[in-house]
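Thanks for coming, everyone. Let me put the structure up and walk you through it.

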Amino acid sequence: MKNRLKVLRAERDWSQAELAGRLDVSRQAVNAIETGKHDPSLPLAFRIARLFDMKIEEIFDDGEAA
Amino acid sequence: MPYRPRGFSTGIFTADEQDRSFAYVALWAGLPACIVLLASLHFGKIAVLTPVCSGMVVGSLIGLVLSWSNDEFVRTQIAFAANWALTFAGIILLFEVVPSLNDRAPDQRWTLAIMATIFHAALAWRRWRDR
């Protein structure tokens with residue numbers, strides 16, 4: 001699943017470790033989400049959305065047209 | 001780095017990013033430790049290496065219960081590896097329950113060591129795939 005996590009993180013000048021700390025996950029998990037190797041669970045997706053003050057759909061794109 | 005009192009004395013059990021990353025990295029030691037363990041079973045005890053590696057393998061498996069330091073991403077990888085290890089366990093169980101196959105069932109130590117190796121090998125493969 002495509003996502004804008006890396007871009008959003010870069011805009012705030014956060015490292016992967018820093019973002020991981022804010023989301024209560026490991027740095028490896030952040031890297032996997034950014035590279036599309038892992039899709040976050042719903043609770044984690046909500047935490048990500050709240051952290052960036054955006055909707056989940058504005059961060060993640062499953063590629064299916066509405 | 002300031003001292004951060006944690007653990008039973010303070011009642012603070014929450015893992016931070018460093019703990020999770022360390023737990024992730026530490027599990028990499030499981031596969032080489034398993035290989036040394038298998039070698040020890042075949043060739044005999046290897047000085048200090050055998051007990052150390054045996055302890056690492058045992059600790060890596062028992063430590064999985066301590067999921068407080070593993071996030072969902074790591075748990076997904078562990079579940080994948082555990083599935084393969086359990087499949088092997090099922091095959092061994094087949095050898096044990098089918099009378100005609102009883103004689104071919106491997107020794108318990110070998111069975112458990114191979115099962116641990118399969119777990120760590122599957123975990124390493126999954127991590128390599130997810131890199």
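Some ground rules. This is a predicted model: local features need pLDDT of at least 70, side-chain atom pairs count only at pLDDT 80 or more, and totals for chains, interfaces and linings use all residues. Residues are numbered from 1 along each chain as its sequence is written, while chains are lettered from A and ligands numbered from 1 in the order in which they are written.

Stay with H3(A), residues 27-34 of chain A. Helices here are DSSP runs of H or I with at least four residues, strands are runs of E with at least two, and both are numbered from the N terminus. H3(A) is mostly covered, with 6 of its 8 residues buried. Buried means 20 or more other C-beta atoms within 10 Å of the residue's own, exposed means 12 or fewer, partly exposed is in between, and C-beta atoms are placed from the backbone. The buried ones are Gln28(A), Ala29(A), Val30(A), Asn31(A), Ala32(A) and Ile33(A). What covers them? From chain A, the cover includes strand E1 (2-3), helix H1 (5-11) and helix H2 (16-23).

Contact means C-beta atoms, placed from the backbone, within 7 Å. Nonpolar covers Ala, Val, Leu, Ile, Met, Phe, Trp, Tyr, Cys and Pro; charged covers Asp, Glu, Lys and Arg; the others, Gly among them, are polar.

Now chain B itself. It has 5 helices and 0 strands. Of its 131 residues, 21% are buried. Take its contacts between residues at least 6 apart in sequence: 69% join residues at least 24 apart.

Next, helix packing. H2(B), residues 30-43, meets H3(B), residues 49-62, at about 130°, with the axes 8 Å apart. Axes are lines fitted to C-alpha atoms, for helices over the stretch in contact, and angles run from 0 to 180 degrees between N-to-C directions. The pair is therefore oblique. On cut-offs, under 35 degrees is roughly parallel, over 145 roughly antiparallel, 65 to 115 roughly perpendicular, and the rest oblique. The contact of H2(B) with H3(B) has 8 nonpolar, 5 polar and no charged residues.

H2(B) also packs on H5(B), residues 108-129. Their axes come within 9 Å and cross at roughly 155°. That makes the two helices roughly antiparallel. Gly30(B), Cys34(B) and Leu37(B) are among the H2(B) residues here. Those three also take part in the contact with H3(B). From H5(B), the partners include Trp110(B), Ala113(B) and His120(B). This contact divides into 10 nonpolar, 3 polar and 1 charged.

Last, the record. An unreviewed UniProt entry annotates "transmembrane region" at residues 21-40, 46-66, 78-98 and 110-128 of chain B. UniProt positions are in the numbering used here, feature names are shortened, and annotations may be inferred rather than shown by experiment. Residues 78-98 are 95% helix and 0% strand, with their end C-alpha atoms 30 Å apart.

Terms used
Two residues are in contact if their C-beta atoms, placed from the backbone, lie within 7 Å.
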